Amino acid sequence: MNRFPRLASGALAAAALVATVVPATAQSAAAADAAGAAPAAGSTSASSGVTLPPTSVSVSLRGGRMVGLNSRLVIGGQVKAPAGGVLSALDRMLSGATTTVSSLLAGASSVTELPAPTPVSAARVSLQLKTPTGWSSIATVPTTASGTYAVAVPTGFYGTHTWRVLSAATGTSTEQATSPFTVGVRVPYAARGSARSYARLSSGDVRWNPCAPIPFYVNRAGMPKNALPTIMAAMQKVHEASGLTFRFSGYSNGVPFAGGNSSRSGMPNYGFTIAWAKPQQAGELRGTVLAVSGSWSRSTQVGSSRRAEYFSGGMVIDRTEKLKSRMGKGKTLGYVVMHEMGHVLGLGHTADASQMMAPTVTARSYTQYGAGDLAGFAAVGLAGGCL
Ligand SMILES: [Zn+2]
């Protein structure tokens, strides 16, 4: 009979961990910028106190499109504004009246004094993702001298998402948005189970900011040979499910939870640490527990409300378990990291044994995230928008 080891309870990352209130940081300032960068389309800049002429912004992708993972999808368009604005166009009509009349008398066929749209150069154009709480700017590019722009739509993570392009007000013209368009990135395998088979660790919408790379560190003490390539491969799977990006940022001496679940001793100020330890080094690694993971959240002020976000976390793996240092089924490092990353990002366990976030590893455990896993990782990922 196999005795199947349990993966650690992700409840560690919930209220048991300290919620630290910190003063506004660069992180929250950037978040405030992002929140302020998505006003309603068609609103007019109030800075000059005058009504600005409209800008038009176009996008070349119409309708929805399904693409494969990591397809190259660059959309382009052009931003235009009335020549010189309405008043100066009227001025030119008046000053050019004599010429116009004489040209018309001479039978010229192409004279017009209507203000022709002109390209807007150096305009700030943002690719925005539709989220449950509004439009979130994912990337911003300037327009060229001819008013054109090109911006890559992220296709490195699964799901069907709705996007638009927003052209910021330029000082002589208004903010405008294109029509929304959808891009679906298909999952290249049959994901098992129900998309409802996932759980969040926190009742609130606590997430890592998905719009900046999350640094992670590795403690090499007790690390199996060839572990790093497996960790990187597992992180790639997490990225494909969540849209979050992870950056290996070096080695650390820290052992998560060695000082208890509320101790962040040795953990990064921003990011998380992966370590190996003996059960007596990190108390939760007792019995058949393979690994323990979780993250600490903090509360930041955004406008008039407060919002919690994860900022530091850890994953500690029982070094006596002799995991196979590869991706694959059963007690492999790849499986454990793919599971534990769910806890680092704020997911709990599901009772659905077909999902990788089920609490128990079995010999027939899976190598790909199921439908519930994918929905859970999406819920804590980029689909929720920037923080
Ligand atoms: Zn677990």
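**Exercise 1.** Starting from Trp 276, which stands opposite Ile 317 in strand 16, work out how strand 14 pairs with its neighbours.

*Solution.* The model is predicted, so that local features need pLDDT of at least 70 and side-chain atom pairs count only at pLDDT 80 or more, while totals for chains, interfaces and linings use all residues. Residues are numbered from 1 along each chain as its sequence is written, and side-chain values use heavy atoms, with hydrogens and water left out.

Step 1. Strands here are DSSP runs of E with at least two residues, helices are runs of H or I with at least four, and both are numbered from the N terminus; two strands pair if DSSP finds at least two bridges between them.

Step 2. Strand 14 and strand 16 (residues 305-318) are paired in the parallel sense through 7 bridges.

Step 3. Strand 12 (residues 214-218) also runs parallel to strand 14, to which 3 bridges join it, and Val 218 has Ile 274 of strand 14 as its bridge partner.

**Exercise 2.** Determine whether the residues of strand 14 are buried or exposed, and which way they point.

*Solution.* Step 1. Buried means under 20% relative accessible area, exposed means over 50%, and partly exposed lies in between (1.4 Å probe, protein chains only).

Step 2. In strand 14 (residues 271-277), 7 of the 7 residues are buried.

Step 3. Gly 271, Thr 273, Ala 275 and Ala 277 point one way, whereas Phe 272, Ile 274 and Trp 276 point the other way, and all are buried.

Step 4. For the chain as a whole, 47% of the 387 residues count as buried.
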